[in-house]
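Please look over this model with me. My notes follow, point by point.

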Amino acid sequence: MLKPRSTATRELVNLDGIWRFAVAPAVGPEPWTGPLDTRLEAPVPASYNDLFTDSAIRDHVGWVWYQRLVRVPRGWAGERVVLRVDAATHEGKVYVDDVLVAQHVGGYTPFEADITEHVRPGGEFRLTIGVNNELTSVTMPPGSITVSHDGRRKQTYLHDFYNYAGLARSVWLYSKPVVHVDDITVVTGLDGGAGTVGYSVETNAPAAVRVRAVDADGIEVAAGEGANGTLRIDDVKLWQPGAAYLYDLVVEVLDGGGDGGGEVVDTFTEPFGVRTVEVRGTQFLINGEPFYFTGFGKHEDTPVRGKGHDDAYLVHDFQLMEWMGANSFRTSHYPYAEEVMEFADRHGIVVIDETAAVGLNLAVEAGLMGTPPRATFSDETFGDDTRAAHAQAIRELIARDKNHPSVVMWCIANEPSSNEQGAREYFEPLVELTHKLDPTRPVSYAAVMFATHENDLIADLFDVLCINRYYGWYIATGDLATAELYLEGDLRGWAEKFGKPIMMSEYGADTLPGLHSVWDTPWTEEYQLAYLETNHRVFDRIDAFIGEHVWNFADFQTSHGIHRVGGNKKGVFTRERHPKAAAHALRQRWLPLGGRKPSNTGE
């Protein structure tokens, strides 16, 4: 799905701002049939949970309603008018006046509706968007809902981050011509010193298409005709980690004739970078060169806004990553806002792009809640319907992010119960689907602590092994000597059995800023430092190791629980982005590496 852009043939209106807001059922069963009867207002984009002082709103389970008036620009006569929602967490319904025009399940990918027949240029309409935050066995991420003795609906889930909800990303109104570009796919390669740019253009109706590649100075470097083809860029400038270079693919749709003839009726510009990604043996190669990941698992999480996208935090977070030598991050545990991906494209930050499939592990439920263990993969728990929802999440992620040069790998699940019977039957078709949709990028998943090289049932299906481990925190707490032995034995087992690249996709220790000790005392800043150093010694001794993503970039909010005080504190920055001592230590380790593996391996 193309991100809306303003072009010579398209116009774009941003609908962010203050909207009327109400929680269902306080406004009755059909709040879209007239103005919302409410005193509340809410900003878009933002999660709604932390905005209000009423705990009933923060803890609400079900639908909420946003509403505002929208005027269609009068110059859009004869154009198609489209409404786009960048994300509605986790289900959205869109009404133009009293008419339902769009419905979508999936909280982190966009959806849109052509509303041309329901509006008129120069006229005004009432826009109402319902957002439902419910998580079930067939949503990504999954969850369950119970009803308390006093009738309150309560949401539970197995992921360790707060279930922020609402319109956390932008809403747009845009125009496009009657005959227009529907989608563009760009696949790049290298041929000596030249870049190859395979392109495929989909239009909504048969039409002539021409394309041209333009460099950063606006100079045309290649051109072609037809909806499918390959361009060649001699003396190409590569997109590289830390040194991004972007070209533009300018696509034009013509109203008739071939050989470049006819009037241009639509034009769309898609940025792209020329680069290759390859797994070879135990190496991860970008542009044919070994790459070593340094960075983080992150979250879209800030005070008050929750998961609401914020450009100021976007810029500041990337500045902090650059300051400390982080060259990459994983979009844990859901697709991030498209603005984040575009920023990574422009600044040469490498991205592991992840679906919202987190919590497919009922062993965690038994461990945390003390309930009898249940099979994770079954008709009664996570079965065919869950896998269908998971497959749709993969389709939508790849459709949205396929052209981003920053994205070098798809991660299709975080910490699934990959050691349980049924895991292979569940995941094998999903891996096949991912490779079919995008044969150019490696596919991975992040393995949970319970899954080892001895009992994991799906690791051979994947190209890269991402391992989440917390020796010294959840296991061997406070005993880093034992943690080091456990970790090395664990990682070497994976390396010897599978012969694939391995990276640590999560490792970390909760830390309270300002808490200190001369001993290895958990929660202190000194312990976080010692914990990281222990992990790094092991990483540097394993030849198949290709990267380290600390959990987490910054402290973040979680659900209530006695094992969390004000959220998860494993960040190397506080939630307000103040550095802990670990941030300075990681800077000393990562800056000299420059994307290359430390040389003192012990193989």
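1. Helices here are DSSP runs of H or I with at least four residues, strands are DSSP runs of E with at least two, and both are numbered from the N terminus. The model is predicted: local features need pLDDT of at least 70, side-chain atom pairs count only at pLDDT 80 or more, and totals for chains, interfaces and linings use all residues. Residues are numbered from 1 along each chain as its sequence is written, and side-chain values use heavy atoms, with hydrogens and water left out.

2. E415 sits in the loop between β26 and α6. Its phi is positive, about 50 degrees, although E415 is not a glycine. R577 is another non-glycine with positive phi, about 75 degrees. R577 lies in the loop between β30 and α9 (581-590). R577 is buried, at 5% relative accessible area. (Buried means under 20% relative accessible area, exposed over 50%, partly exposed in between, with a 1.4 Å probe and protein chains only.)

3. Check the cis peptide bonds. One joins M140 and P141, with omega about 5 degrees. P141 is in the loop between β9 (124-132) and β10 (143-147). A cis bond also joins W551 and N552, with omega about 15 degrees. N552 belongs to the loop between β30 and α9.

4. Now the barrel. In what order do the 8 strands close? The order is β23-β24-β25-β26-β27-β28-β29-β30, with parallel pairing. Neighbouring strands of this sheet are turned by 25 degrees against each other on average, direction ignored. Pairing requires at least two DSSP bridges between two strands. β28 (residues 465-468) and β29 (residues 502-506) run parallel and are joined by 4 bridges. N468 stands opposite E506 in β29.

5. Helix α6 (residues 423-437) has 15 residues. It reaches 21 Å from first C-alpha to last, close to the 21 Å expected at 1.5 Å a residue. The expected span is 1.5 Å times one less than the number of residues.

6. Which residues of α6 are buried? They are A423, Y426, F427, L430, V431, L433 and T434. These cover an arc of only 160 degrees around the axis, so they lie on the same side of α6. The arc is taken over directions from the helix axis to the C-beta atoms. On the other side, E425, E432 and K436 are exposed. The buried residues pack against α5 (384-401), β26 (407-414) and β27 (443-447). Contact means heavy atoms within 4.5 Å.

7. Helix α7 (residues 480-498) lies across β27, β28, β29 and β30 (545-551). α7 runs at about 135 degrees to β29. Axes are lines fitted to C-alpha atoms, for helices over the stretch in contact, and angles run from 0 to 180 degrees between N-to-C directions.
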